[in-house]
Amino acid sequence: MKTLPFFCRGKVVRGFGRGSKELGIPTANFPDSVVERLPADISTGIYFGWASVGGGDIHKMVMSIGWNPYYKNTKKSMEAHIIHKFKEDFYGDVLSVLILGYIRPERSFNSLDSLVAAIHNDIEEAQRRLDSPEYRKLRDDFFTSTRDHILNGH
């Protein structure tokens, strides 16, 4: 994908409530306005990168972009699982993400347990890849230079 790395920012909105309640893996959802502005060559699937809520600390993240075939969504979404334990919800706060790489295409699953296992594998893959010096440098360089002025782009 030619547009990676890609940076986007938007206020966290309520999703379907499945991440925390049904899957045990909370997600922060971007509004439709951010999803609609994704470059055409960012295909649906699972991505990894860095995230910051409200301009705070930067954490590893894994993100689903697409239709969530297991749930048969009719609307494309962007849901980030930030690999960090937050004390409270942050709906309405600004989420900034730096999407760095692609893990796998989205797909449906035969069971909820299979879906949860795949998400945990995605999280492990994201953590492993983001430990590389190259991705740490991108985190430091990019978030420092864009904290106040880039909305969506690369």
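**Local features of the predicted model**

Lysine 72 is exposed, with a relative accessibility of 66% (exposed means over 50% relative accessible area, buried under 20% and partly exposed in between, with a 1.4 Å probe and protein chains only). The structure is a predicted model, in which local features need pLDDT of at least 70, side-chain atom pairs count only at pLDDT 80 or more, and totals for chains, interfaces and linings use all residues. Residues are numbered from 1 along each chain as its sequence is written, and side-chain values use heavy atoms, with hydrogens and water left out.

Lysine 72 lies in the loop between S4 and S5 (strands are DSSP runs of E, at least two residues, numbered from the N terminus). Its phi is positive, about 55°, although lysine 72 is not a glycine. Asparagine 68 is found in the loop between strand S4 (58–66) and strand S5 (77–82). Phi of asparagine 68 is also positive, near 50°. Asparagine 68 is buried at 15% relative accessible area.

Aromatic rings of Phe, Tyr and Trp (its six-membered ring) pair if their centres lie within 6.5 Å. The count is 5 aromatic pairs. The rings of tyrosine 70 and tyrosine 71 are edge-to-face, because their planes stand at 90°, with centres 5.0 Å apart (planes over 60 degrees apart count as edge-to-face, under 30 as stacked and the rest as tilted). Tyrosine 70 is partly exposed, at 25% relative accessibility.

The charged end of arginine 14 sits over the ring of tyrosine 91, 3.8 Å from its centre (NZ of Lys or CZ of Arg within 6 Å of the ring centre and within 35 degrees of the ring normal). Arginine 139 lies over the face of tryptophan 50, at 4.8 Å from the ring centre.

Note on methods
Helices (H or I, at least four residues) and strands (E, at least two) are DSSP runs, numbered from the N terminus.
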